[in-house]
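Reader: I have a structure open on my screen and would like to talk it through with you. Could you take me through some of the packing?

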Amino acid sequence: MNIALVYYSFSGNTHSAVIFFRQALEEKTHQIQTVRLKLSREESSFFKQCRDAFLKKEAELSGCEYSLKQYDFIIFATPVWAFTITPALRSYLSKADGLKNKKVGFILTFGSGAGANKTKKELERILKDKGATVEFSLGLKGNKIKDKEYLRNEFSSLTKSYGL
Ligand SMILES: Cc1cc2nc3c(=O)[nH]c(=O)nc-3n(C[C@H](O)[C@H](O)[C@H](O)COP(=O)(O)O)c2cc1C
């Protein structure tokens with residue numbers, strides 16, 4: 001399968017999880033394209049990050065390819081910010097093209113887990129509104145992402161269940 005991994009990561013947890021997942025998928029001979037979303041101007045104030053996420057603001061992305069037509073399966077990944085998805089992923093999804101009838105999955109990373117379930121439901125709805133079929137979602141605890149055994153267990157159940 002030709003798989004895209006589209007993600008945003010501020011402090012590196014989501015990035016580490018995506019890199020782990022990419023390697024696991026490549027071992028299964030899938031062709032993987034990773035797209036790390038970058039903001040034109042990265043906001044580093046925790047308060048402003050929370051405010052912008054909470055208000056469901058979009059952020060300006062730099063050098064981004066919005067067409068997902070060529071992929072068989074697309075996996076999105078983002079941290080939970082202020083009980084919702086990040087402005088970077090929200091912005092990307094509002095412009096993304098080629099999601100209709102496409103199989104997708106997503107990975108959320110979080111701290112305490114506050115708002116993770118709400119975020120899951122919201123992202124499911126956004127993806128369904130774009131016409132995508134949500135095959136899976138996976139929540140990962142940010143403070144456990146350095147633990148390779150934790151990631152292996154989380155990902156192996158996914159790869160088995162969804163034939164990835
Ligand atoms: C601005 C901001 C808001 C956050 N809000 C939440 C939250 O509402 N719930 C939660 O469980 N974790 C929250 N976190 C923790 C992150 O989701 C968690 O640390 C995540 O793994 C960070 O991913 P990253 O390292 O890829 O940026 C927040 C972190 C930041 C920076």
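This is a predicted model: local features need pLDDT of at least 70, side-chain atom pairs count only at pLDDT 80 or more; totals for chains, interfaces and linings use all residues.

Reader: How do H1 and H5 cross, then, and at what angle?

Author: The axes of helix H1, residues 13–27, and helix H5, residues 148–162, come within 11 Å of each other and cross at roughly 50°. That angle makes H1 oblique to H5, and the crossing in which H1 passes H5 is right-handed.

Reader: And which residues meet there?

Author: From H1, Ala17, Phe20, Phe21 and Ala24 meet Leu151, Phe155 and Thr159 of H5. Sorted by class, this contact has six nonpolar residues, one polar residue and no charged residues.

Reader: Changing topic, which residues touch the most other members of the largest nonpolar core?

Author: That core has 41 residues, and those touching the most other members are Leu5, Ile74, Ile75, Phe76 and Ala77. Two or more residues each come from strands E1 (2–7), E3 (73–79) and E4 (103–110), and from helices H1, H3 (87–95) and H4 (116–129).

Reader: What is Phe76 in contact with, if I skip its neighbours within four places in sequence?

Author: With those left aside, Phe76 is in contact with Val6, Tyr7, Leu89, Val104 and Phe106.

Reader: Is Tyr7 buried or exposed?

Author: Tyr7, which has its place in strand E1, counts as buried because it has 27 C-beta neighbours inside 10 Å, where 20 or more are needed.

Methods
Residues are numbered from 1 along each chain as its sequence is written. Axes are lines fitted to C-alpha atoms, for helices over the stretch in contact, and angles run from 0 to 180 degrees between N-to-C directions. Helices (H or I, at least four residues) and strands (E, at least two) are DSSP runs, numbered from the N terminus. Angles under 35 degrees count as roughly parallel, over 145 as roughly antiparallel, 65 to 115 as roughly perpendicular and the rest as oblique. A crossing is left-handed if the near helix is turned anticlockwise from the far one by less than a right angle, and right-handed if clockwise. Two residues are in contact if their C-beta atoms, placed from the backbone, lie within 7 Å. Ala, Val, Leu, Ile, Met, Phe, Trp, Tyr, Cys and Pro count as nonpolar, Asp, Glu, Lys and Arg as charged, and the others, Gly among them, as polar. A nonpolar core is a set of buried Ala, Val, Leu, Ile, Met, Phe, Trp, Tyr and Cys residues joined through C-beta atoms within 7 Å. A residue is buried if 20 or more other C-beta atoms lie within 10 Å of its own, exposed if 12 or fewer, and partly exposed in between; C-beta atoms are placed from the backbone.
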